[in-house]
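Subject: Handover of a structure, with findings

Dear colleague,

Please find below the structure that I am handing over to you. My notes on what was found in it follow directly after.

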Amino acid sequence: MYTIGKSSWDMWIEEALAKVESPDMFMLRPMRLPNLGGGGEEETNAIIEDEYETFQGIQPWDRLSVQTSVPESLYQRMLYGGNYKNEAEDKKASPKQEPFKKLLIFASNDFLGLSRHPAIAKATAKAAAKHGTGPKGSAMICGYTDYHVALASSLAELTKKEDCLLCPTGFSANTALMVAIGSLAPLLCEGKSPTKDEKIAIFSDELNHASTIDGVKLADRNGWVKCFVYKHCDMSHLDQLLTTCEMKRKVVVTDSLFSMDGDFAPMVELVELRQKHGFLFVLDEAHGTLVWGKNGGGVAEEFNCEDDVDICVGSLSKGAASLGGFIACSKNWKQFIQSRGRSFIFSSTAPVPLAAAFYASVIVARKEPWRRMEVRKRVQEFQELTGIPVTSQILSFMIGSPEKTIKASQFALSHPLIDLYIFIDYICSSNLQLLTMFMF
């Protein structure tokens, strides 16, 4: 019989790991790759942090990260929607003959503007020239290289966790984690179906990302968990649910920075509730990684509570401006997720050039802290200019109806800034979203 406290989840994960069949099957197998151009192994696998050139202040290529061009026909359809009348003529036109319209993108997740950074482009090209795309397969078969090891280590250090598991996307990271957490229940019940009290109680913010929600649903479908949804950032409601729940294995999962509303989770209050109830604290840092915190460690670093977060899920497709996800956690949790997280097990790992790009992004973001400061300045400037209270790089406005929301987006498209038109995305039927970038 366990007593609820900080060490309870450590004991449960150790017990579950001891019951995993054939654990060696789920080992990661780091491998060195031959150099396409010849050369020794030591040269091939050397990843030198100092070789990444960094800069102080906004550079010309930074502005290019938010500029694009679209065919005139697509621009017209974006502007007029179903009222656009010239689609037949558009189909006759050659793509080479059709004029293009320049747009500024205010709907990108490239918060730090790293997608055009020359150091990251150079690291990507160098890895591709040496190794091609690398071996293809699951990380547990043949897809885990020195590049992946370096990236995982850097992310563990960034989030102040013992270890880190790389996933192909942030979505797969969340689903793998939720399913793995749920699978603890049958293991701890000696393979039997868990009773109601033996299931895992997962408490989830009502505005959590779809990947978390779907992961919980998958675990619930297997009969392993019971989900409790608390009102958005309502700590009184969460405390009430935790207090009245008699299940002993409790997990609280929340976004650190909510992608739809742009508000932060109440980190201080969540830490206090963790100390009171002894739950496993899972934090989705998808929109906080590299953007918030002194070193880019995320919202947990921003609020100085990294040690109170048990498992940190992150994305490499936003602040890092690439594609991928990760789970930063203890070594025991990493080993367990490797054995039970199906969206990790049955997915190919990132190609070597992408892994090199990820690693370069983490290094550059850490060495160019002015980028995070510029994001804060833009948020402050927006608030001063408009009087609208905002706290993060995600600016979300409730317009009121689908028709008005589409009109607001079309208004931005039809009123150019100098010679560039503005693309603002509408993310749901009544919500208009601006994603602030540091270069404006």
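In these notes, a residue counts as buried when its relative accessible area is under 20%, as exposed when that area is over 50%, and as partly exposed in between. Lys160 has a relative accessible area of 45%, and is therefore partly exposed. Please note that this is a predicted model.

**The chain as a whole**

The protein chain contains 17 helices and 13 strands. Of its 440 residues, 53% are buried.

The average pLDDT of the protein chain is 86, and 87% of the residues score at least 70. Two stretches call for caution. Residues 1-6 have a pLDDT below 50, and in the model this stretch has 11 contacts beyond near neighbours in sequence. Residues 40-44 also have a pLDDT below 50, with 10 contacts beyond near neighbours in sequence. Where pLDDT is low, the predicted coordinates should not be read in detail.

Two packed helices are described by the angle between their axes and the distance between the axes. The pairs below are set out in those terms.

Next come helix 8 (residues 170-188) and helix 13 (residues 331-340), with axes that come within 9 Å and cross at roughly 90°. With that angle, helix 8 and helix 13 are therefore roughly perpendicular to each other. From helix 8, Ala176, Leu177, Val179, Ala180, Ile181, Ser183, Leu184 and Leu187 meet Trp333, Phe336, Ile337 and Arg340 of helix 13. The contact has 10 nonpolar residues, 1 polar and 1 charged.

The remaining pair is helix 10 (residues 235-244) with helix 11 (residues 267-277), where the axes come within 11 Å and cross at roughly 15°. This angle makes helix 10 roughly parallel to helix 11. The crossing of these helices is right-handed. Helix 10 contributes Met235, Leu238, Asp239, Leu242 and Thr243 to the contact, and helix 11 contributes Glu269, Leu270, Leu273, Lys276 and His277. These residues divide into 5 nonpolar, 2 polar and 3 charged.

**Individual residues**

Asn174 belongs to helix 8. With a relative accessible area of 2%, Asn174 is buried. Which residues does Asn174 touch, not counting residues up to four places away in sequence? They are Ser211, Thr212, Asp284 and Val313. As for Val313, it is 139 residues from Asn174 in sequence, yet the two are 6.8 Å apart in space, C-alpha to C-alpha.

Thr159 lies in helix 7 (residues 146-159). Thr159 is buried, with a relative accessible area of 4%. Its neighbours within four places in sequence left aside, Thr159 is in contact with Gly297, Glu306, Cys312, Phe326 and Ala328.

Lys160 is found in the loop between helix 7 and strand 3 (163-167). While Thr159 is buried, Lys160 is partly exposed.

Lys160 also deserves attention for its backbone. Most residues other than glycine have a negative phi. For Lys160, however, phi is near 60°, a positive value in a residue other than glycine. Cys233 is a further case, with a positive phi near 55°. Cys233 sits in the loop between strand 5 (225-230) and helix 10. Its relative accessible area is 21%, so Cys233 is partly exposed.

Yours sincerely,

A colleague

How values were computed
Residues numbered from 1 in each chain as written. Predicted model: local features only at pLDDT ≥ 70, side-chain atom pairs only at ≥ 80, totals over all residues. Heavy atoms only, no water. pLDDT = per-residue confidence, 0-100. Contact = heavy atoms within 4.5 Å. Helix = DSSP H or I, 4+ residues; strand = E, 2+ residues; numbered from the N terminus. Buried < 20%, exposed > 50% of the residue type's maximum accessible area, 1.4 Å probe, protein only. Axes fitted to C-alpha atoms, helices over the stretch in contact; angles between N-to-C directions. Parallel < 35°, antiparallel > 145°, perpendicular 65-115°, else oblique. Nonpolar A, V, L, I, M, F, W, Y, C, P; charged D, E, K, R; others polar. Left-handed = near helix turned anticlockwise from the far one by under 90°.
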